[in-house]
Amino acid sequence: MRILIIEDQNLIGKALKKGLVEEGYAVDWVTNLVDGLHLCREIEYDTMVLDIMLPDGSGLDLLKELRTANLQTPVIILSAKDTLADKSLGFRMGTDDYMTKPFAFEEVLLRIAALIRRKYQVYGQSMSVGDLELDLSARVARVGDKVLRLTSKEFSILELFVLKRTKILSRAKIAEHIYSDSAEQESNVIDVFINKLRRKLETAGLPPLIETIRGEGYTIR
């Protein structure tokens with residue numbers, strides 16, 4: 001899953017990005033509205049963490065522009081503006097959640113996971129495909145009582161397949177969701193991840209789940 005952070009305070013931005021990357025998310029971090037709006041128009045993010053007080057304007061202006069353009073990226077406002085009037089305005093402008101500074105990173109994680117589940121209409125902590133179960137909050141995959149040993153990138157790819165089950169995902173679309181904009185990747189890296197995932201799933205006793213659609217990409221039926 002890919003997340004955009006728009007936050008001009010370096011300590012907060014760096015800490016959020018580091019923590020989210022360690023949890024397996026692909027993260028882009030910018031410090032102003034212009035760069036944030038550009039990325040929003042170019043990339044389909046799963047969640048955005050948005051500050052209000054930015055050097056080139058208010059994050060609420062960006063939020064209003066997104067909603068006017070019918071871009072429905074889930075947004076968490078993360079701001080020092082903590083009055084009821086501030087929160088009310090944020091929700092009226094279209095935010096999905098509102099947190100005030102200072103904050104606990106663990107709570108940010110929980111709220112991001114909740115927004116992603118809502119985006120993909122997952123009503124619970126887990127999803128299943130046959131005997132495969134994904135715990136989206138704990139980011140753990142199981143087959144029966146056995147926990148699969150997946151890397152963060154492998155889990156992210158499997159998560160994307162399950163959330164978009166039956167849809168064909170191109171290599172470019174998969175890469176967009178598991179790598180930040182600055183990440184360097186080899187042209188065949190997605191194929192390598194898919195092959196490793198297939199081996200791990202089949203070793204766990206599952207039938208072949210990931211199907212190759214020649215010339216288009218991959219899917220889970």
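Thr166 sits in the loop between helix H6 (152-163) and helix H7 (171-178). Its phi is positive, about 80°, although Thr166 is not a glycine. Buried or exposed, or something in between, for Thr166? It counts as partly exposed, because its relative accessibility is 47%. The cut-offs: buried is under 20% relative accessible area, exposed is over 50%, partly exposed lies in between, with a 1.4 Å probe and protein chains only. Helices (H or I, at least four residues) and strands (E, at least two) are DSSP runs, numbered from the N terminus.

A word on the source. This is a predicted model: local features need pLDDT of at least 70, side-chain atom pairs count only at pLDDT 80 or more, and totals for chains, interfaces and linings use all residues. Residues are numbered from 1 along each chain as its sequence is written, and side-chain values use heavy atoms, with hydrogens and water left out.

Next, Asn70. Asn70 also has a positive phi, about 65°, and is not a glycine. Asn70 lies in the loop between helix H3 (59-68) and strand E6 (75-79). Asn70 counts as exposed, because its relative accessibility is 56%.

Now the peptide bonds. Which two residues does a cis peptide bond join? Lys101 and Pro102, with omega about -5°. Pro102 is in the loop between strand E7 (97-100) and helix H5 (105-119). For background, most residues other than glycine have a negative phi, and most peptide bonds are trans.

On to the whole chain. The protein has eight helices and 13 strands. The domain assignment, automatic or from a database, gives domain 1 (2-120) and domain 2 (126-220). Their contact takes 14 residues from domain 1 and 14 residues from domain 2. Contact means heavy atoms within 4.5 Å. The C-alpha centres of the two domains lie 26 Å apart.

Overall dimensions. The C-alpha trace spans about 55 × 35 × 30 Å along its principal axes.

Burial and contacts. Buried residues make up 49% of the 221. Take contacts between residues at least 6 apart in sequence: 57% of them join residues at least 24 apart.
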